[in-house]
Amino acid sequence: MKSFIPWVGGKSKLLWLIDKLSPPHYTRFIDVFGGSGTVTFSRPVQRNCMEVYNDYNSDLTNLFFCVKNRTMALIRELGFLPLNTRDDFNVLCRFFSQESFTDDYLKEELELTKAYLPMPEEEMIRRMLMERAPRGDVRRAADYFKLIRYSFSGGAKSSAGKPCDLRRFFYLIWACSRRLADVVIENKDCVDLIRQYDRVGAFFYCDPPYFEAEGCYAVAFTKADHQRLHAALLECEGFVMVSYNYCPFILALYKEFFIFYTTRSNSMSQKVGSEYEEIIITNYDPRQYNWQPSMFNTLSGEEDGAFRLIHKPEQPYGLTQKGKIIFTEEEYNEVCKREHRQRNTAAGGHPETEWPE
């Protein structure tokens, strides 16, 4: 599912690798730096799996809260409602009762006049910079939505100056509100959140502001914050995955983890064919899962690319079924072989089938 907002640093082009390197089984998924929610929205709803969306940007989490819990009030505040005729109202009632909606349905059944979002006003922008958003503030959520939609690359900092037809967003807002129905929305510091939700069976996905590119983000994230995050993740009992830009500082900081390297097209560059180097960091060895697809749906148009393991810790470790860390090469291989034999037996195969080195 596509997010209802664009966002700087969005992960749509990296979903294929996040999918490939994710653990196959977990009981709670925590999107620590949620942003546009692309990674959360890409996951199909998984039974008995708790989901948490978090971001430290209070305007962003207030917008998500209103999309989830105050959907109609937000749409009304954006200027979509009231509708033009009683026929329009009846169509909307049928839409809500059948709990489904498509763009074709909108075009064929609902005659809407063009409604353009007004450009963000200077006073509104100043207020957002000066105050933290209270949860459930619909007017502020609508203002922030306008600001994101009019900004360059969803960064909410510089205007793209392009008029936005509100009709394009109704379906996305409604669909995302349904997807967020059972998602816990948090507005907490990353380390506090990790410590609150960490346990065996948890899967933390972290997409922090990239190192030395923090100025592109709305919320400050210092070098000390990168180090705080690393220290918290090092202590996790659950599965950990972190996405970062490729740079010496991060490579050295996460030396205790597995690091995978890939490149993608650089949408922020004016150069044709420009590529951006990124890394995925894990506290487990994804290779033990034989690269089987897990719980994510890659967005259409985004195809698998090339990647490679560029670093593994001196004492490789993975997570056992109980979430404990294995520290030596011998212990690690022995656990993998034992679990491989157990999977073979469960599948009706011979337990002594050779384990792939």
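Colleague: What share of the contacts in the protein chain with a separation of 6 or more comes from residues 24 or more positions apart?

Modeller: Residues at that spacing account for 70% of those contacts, where contact means heavy atoms within 4.5 Å. Please keep in mind that this is a predicted model, in which local features need pLDDT of at least 70 and side-chain atom pairs count only at pLDDT 80 or more, while totals for chains, interfaces and linings use all residues. Residues are numbered from 1 along each chain as its sequence is written, and side-chain values use heavy atoms, with hydrogens and water left out.

Colleague: And how many helices and strands does the protein chain have?

Modeller: There are 13 helices and 8 strands, taken as DSSP runs (H or I of at least four residues for helices, E of at least two for strands) and numbered from the N terminus. Of the 357 residues in the protein chain, 51% are buried, with buried meaning under 20% relative accessible area, exposed over 50% and partly exposed in between, for a 1.4 Å probe and protein chains only.

Colleague: On to packing: at what angle do H3 and H8 pack?

Modeller: Helix H3 (residues 58-69) and helix H8 (residues 138-149) pack at about 110 degrees, with their axes 9 Å apart; the axes are lines fitted to C-alpha atoms, for helices over the stretch in contact, and angles run from 0 to 180 degrees between N-to-C directions. H3 is therefore roughly perpendicular to H8, given that angles of 65 to 115 degrees count as roughly perpendicular, under 35 as roughly parallel, over 145 as roughly antiparallel and the rest as oblique.

Colleague: Which residues make that contact?

Modeller: On the H3 side they are Asp59, Leu60, Asn62, Leu63 and Cys66, and on the H8 side Val138, Arg140, Ala141, Tyr144, Phe145 and Ile148. By class, the contact of H3 with H8 has 8 nonpolar, 1 polar and 2 charged residues, where Ala, Val, Leu, Ile, Met, Phe, Trp, Tyr, Cys and Pro count as nonpolar, Asp, Glu, Lys and Arg as charged, and the others, Gly among them, as polar.

Colleague: How about H4 and H8, at what angle do their axes cross?

Modeller: The axes of helix H4 (residues 71-78) and H8 cross at roughly 60 degrees and come within 9 Å, so H4 is oblique to H8. In this pairing Ala73, Leu74, Glu77 and Leu78 of H4 meet Val138, Arg139, Ala141, Ala142, Phe145 and Lys146 of H8, and by class the contact has 7 nonpolar, no polar and 3 charged residues.

Colleague: What does the side chain of serine 22 reach?

Modeller: The side chain of serine 22 reaches the backbone oxygen of isoleucine 18 at 2.4 Å. Serine 22 lies in the loop between helix H1 (15-21) and strand E1 (28-31) and is buried, with a relative accessible area of 2%.

Colleague: Last one: where is asparagine 48?

Modeller: Asparagine 48 is in the loop between helix H2 (38-42) and strand E2 (50-54), where asparagine 48 counts as exposed at 69% relative accessibility. Phi of asparagine 48 is near 60 degrees, a positive value in a residue other than glycine.

Methods:
Polar contact = N/O pair within 3.5 Å; in protein donor to acceptor, adjacent residues only side chain to side chain.
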